[in-house]
Amino acid sequence: MKLMGYLRENGKFGIRNHILVIPTSVCASETATRIAALVPGAVAIPHQHGCCQIGSDLDLTEQTLIGFGKNPNVAAVLVVGLGCDGIQAKHVAESIADTGKKVDYVVIQENGGTLKTVSKGAEIAGEMARVVSKEVRVEFDMSELIVALECGGSDPTSGIASNPSIGYASNRVVDEGGSTILSETTEVIGAEHLLAERFEDNSMREKFLMFVNDVEKRAIAMGEDLRSGQPTPGNKEGGLSTIEEKSLGCMYKAGTQPFKGALDYAEILPEDKKGLYFMDTPGQDIDSITGMVAGGAQIVIFSTGRGTPTGSPISPVIKITGNTDTFNKMPDNIDINAGRIITEGAKISQIGEELFIEIVEVSNGKKSKAESLGHREFGIYRIASTF
């Protein structure tokens with residue numbers, strides 16, 4: 001299967017051609033947003049982190065920002081730092097520059113404040129935009145595509161219709177030599193033994209089971225029962241009664257292919273081993289999508305029974321629902337109605353093939369509904385308190 005995308009300096013292919021403006025901390029986020037607003041084609045990712053974090057929590061934020069900059073959908077990067085941040089702009093820029101793409105950075109405290117930094121940043125990003133505008137799409141193979149699999153606002157129709165359709169499409173992508181990522185560790189609890197059987201490598205199987213065990217331990221350490229928040233209130237109102245029931249529906253997104261590995265949050269997929277992966281992410285949709293996009297996913301498939309408008313700053317998000325009522329209530333947000341499996345007797349293979357074709361068309365430039373509405377939600381998973 002051939003696609004059309006942008007060839008990057010490191011040999012990877014992007015399906016979008018963004019200029020990404022990365023603030024290293026919350027203190028640089030407003031300045032980064034103002035710079036991006038002045039340059040057509042530029043996207044900023046404001047966030048609340050990057051300072052007063054320690055250890056692995058700080059490392060995870062930094063890794064996520066660097067991963068976003070390295071994503072093939074990004075053509076060029078401008079990093080914006082305050083100067084005294086816990087994450088330094090120069091280090092982030094140098095780490096992203098390993099890809100060979102154009103990267104630069106500005107520091108607010110060194111440039112004389114907000115206005116001068118915005119001016120300097122817009123000058124740099126504007127030049128990047130002129131260079132990027134000359135790039136054209138070229139043919140590439142689906143083996144270069146990484147597809148993130150997500151579900152949120154689930155109800156029983158998710159496990160009956162939309163998630164199995166995603167599983168079919170995931171199988172198709174992997175059969176064509178591409179890669180897909182299942183995520184949301186919280187939402188495999190109760191079904192982890194079924195997924196564990198599908199890992200080809202014993203060490204990866206144990207790593208996956210450790211992810212699940214660690215989620216339970218973190219909740220216990222807080223003196224809480226994880227099940228007090230999972231299923232969510234919306235899941236329960238929609239008809240899901242237990243985390244096990246939710247997990248059994250969630251796992252269908254992974255289709256039937258074997259798992260090649262288990263990835264830490266925001267870990268970039270190995271280049272030499274294509275196929276299905278599991279990534280350790282929370283059940284929170286935006287944080288989960290962010291981790292997979294930082295890991296290299298160029299496109300996201302998102303199942304929602306209750307309905308959600310969520311998008312991503314740099315990777316198009318395709319929405320599919322198994323609930324025809326939700327599709328009819330939120331036509332501006334949902335791309336595909338898998339509810340026809342329930343209401344019209346459509347086959348999972350039929351809807352799954354429609355989804356696969358949609359993946360191809362969106363990869364080739366068609367805008368998904370979330371993308372066309374400008375949804376660019378971004379959130380970084382935190383594993384410790386701010387100090």
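I began with helix α1, where A28, S29, T31, A32, I35 and A36 are buried (buried means under 20% relative accessible area, exposed over 50%, partly exposed in between, with a 1.4 Å probe and protein chains only). Helices here are DSSP runs of H or I with at least four residues, strands are runs of E with at least two, and both are numbered from the N terminus.

A note to myself on the source: this is a predicted model, where local features need pLDDT of at least 70 and side-chain atom pairs count only at pLDDT 80 or more, while totals for chains, interfaces and linings use all residues. Residues are numbered from 1 along each chain as its sequence is written, and side-chain values use heavy atoms, with hydrogens and water left out.

Next I asked what the buried residues of α1 pack against. I found β3 (18–23), β4 (42–44), β5 (74–81), α4 (108–111) and α5 (114–132); contact means heavy atoms within 4.5 Å.

I moved on to S312, in the loop between β12 (299–303) and β13 (317–321). S312 is buried, at 8% relative accessible area. Beyond neighbours within four places in sequence, S312 contacts I289, V293, V317, H375, R376 and E377.

Last, I looked up G255, in the loop between α10 (243–250) and β10 (259–263). Is G255 buried or exposed? G255 is buried, with a relative accessible area of 16%. Not counting residues up to four places away in sequence, G255 touches G167, N171 and R198.
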